[in-house]
Amino acid sequence: MTHRFDQDYWQRHWQPTAGHGPGSMAGNPPNPYLAREAAGLAPGTALDAGCGAGAEAIWLATRGWQVTAVDIAAEALTRAADRASAAGPTGTPIRWVEADLTGWEPGVRFDLVTTHYAHPAMPHLAFYRRIGGWVAAGGTLLIVGHGHTPHPGGHGQAPHSGGHGQAPHSGGHGQAPHSGGHGHHHPAEATVTLTDIIAGLDVAEWEIRTAEEHHRGIPGPGGRTATLHDVVVRATRRP
């Protein structure tokens, strides 16, 4: 099954449905890699590309970053803005933008551009190159994606993440859309490899600071623990 990950896909996804849906993701904590990788960075301007329910954007804003948070789904942004409002003042207000990142242009560069499990309507590596172009000299690009594990069915495989992110979304930190059937496999379009990401970052332009793969457990359905295969890359644009 091929996933287009266009605006219609994400608008349908974010519409609440009986018994399941993106509402369960509204309270997810920010991605743990963001806290680790951004801890030593001086706050400046930041772009959250594919912000989903807004956990990462809010985390950054409460730590002094001037955040632009972009998502293709209006419903996702409504949930994110409501969560930010409930969290209280964050210093500089977050700028929420409804836009398709495959065509949108920010018009400025940022000190930090970050994306967490975003699934755009274009190849991932081209998407990373595109958003990397929005990083200012000396700034940081942080990519967190679902790792690709080949299996005979031809898709990347990862356990279903259940209650901690049981539905696909365009940002934040849940699970990638599944390929149907039992819902245990990420489609190839939603996975990446560490080697490919690194190969797409020109060493003349980028200094790689972090290049890692991790398996981490998250709460799954029925009290079980599910495992995510994560790829984490942090790079600094050379002056």
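**Entry 1: one residue.** I started at Thr68, which lies in strand S2 (residues 66–71). Helices (H or I, at least four residues) and strands (E, at least two) are DSSP runs, numbered from the N terminus. Before going on, I noted that this is a predicted model, where local features need pLDDT of at least 70 and side-chain atom pairs count only at pLDDT 80 or more, while totals for chains, interfaces and linings use all residues. Residues are numbered from 1 along each chain as its sequence is written, and side-chain values use heavy atoms, with hydrogens and water left out.

Is Thr68 buried or exposed? Thr68 has a relative accessible area of 8%, so I put it down as buried. Buried means under 20% relative accessible area, exposed means over 50%, and partly exposed is in between (1.4 Å probe, protein chains only).

Next I looked up what Thr68 touches, leaving aside its neighbours within four places in sequence. Thr68 is in contact with Ala46, Leu47, Asp48, Arg95, Val97, Trp104 and Phe110. Contact means heavy atoms within 4.5 Å.

**Entry 2: aromatic pairs.** Rings of Phe, Tyr and Trp (its six-membered ring) pair if their centres lie within 6.5 Å; planes under 30 degrees apart count as stacked, over 60 as edge-to-face and the rest as tilted. How many aromatic pairs does that rule give? The count is 2.

Trp104 and Trp134 make an edge-to-face pair, with 5.5 Å centre to centre and 90° between the planes. This pair links distant parts of the chain, 30 residues apart: Trp104 is in the loop between strand S3 (95–98) and strand S4 (110–116), and Trp134 is in the loop between helix H5 (124–132) and strand S5 (135–146). Both Trp104 and Trp134 are buried. Phe127 and Tyr128 form a tilted pair, at 5.9 Å centre to centre and 50° between the planes. Both Phe127 and Tyr128 are buried too.

**Entry 3: the sheet.** I traced an open sheet of 7 strands in the order S3-S2-S1-S4-S5-S9-S8, with mixed pairing.

Two strands pair if DSSP finds at least two bridges between them. S2 and S3 pair in the parallel sense over 4 bridges, and Asp71 stands opposite Glu98 in S3. S1 and S2 are also parallel, over 5 bridges, with Ala49 opposite Val70 in S2. S1 and S4 pair in the parallel sense over 3 bridges; there, the bridge partner of Asp48 is Thr114 in S4. I also noted that 4 of the 5 residues of S1 are buried, so S1 is largely enclosed by the rest of the structure.

**Entry 4: helix H5.** H5 lies across strand S1 (45–49), S4, S5, S8 and strand S9 (225–237). H5 is mostly covered, with 7 of its 9 residues buried. Among them are Phe127 and Tyr128, along with His124 and Ile131. What do the buried residues of H5 pack against? I found S1, S4, S5, helix H6 (194–199), S8 and S9.

Technical notes:
Axes are lines fitted to C-alpha atoms, for helices over the stretch in contact, and angles run from 0 to 180 degrees between N-to-C directions.
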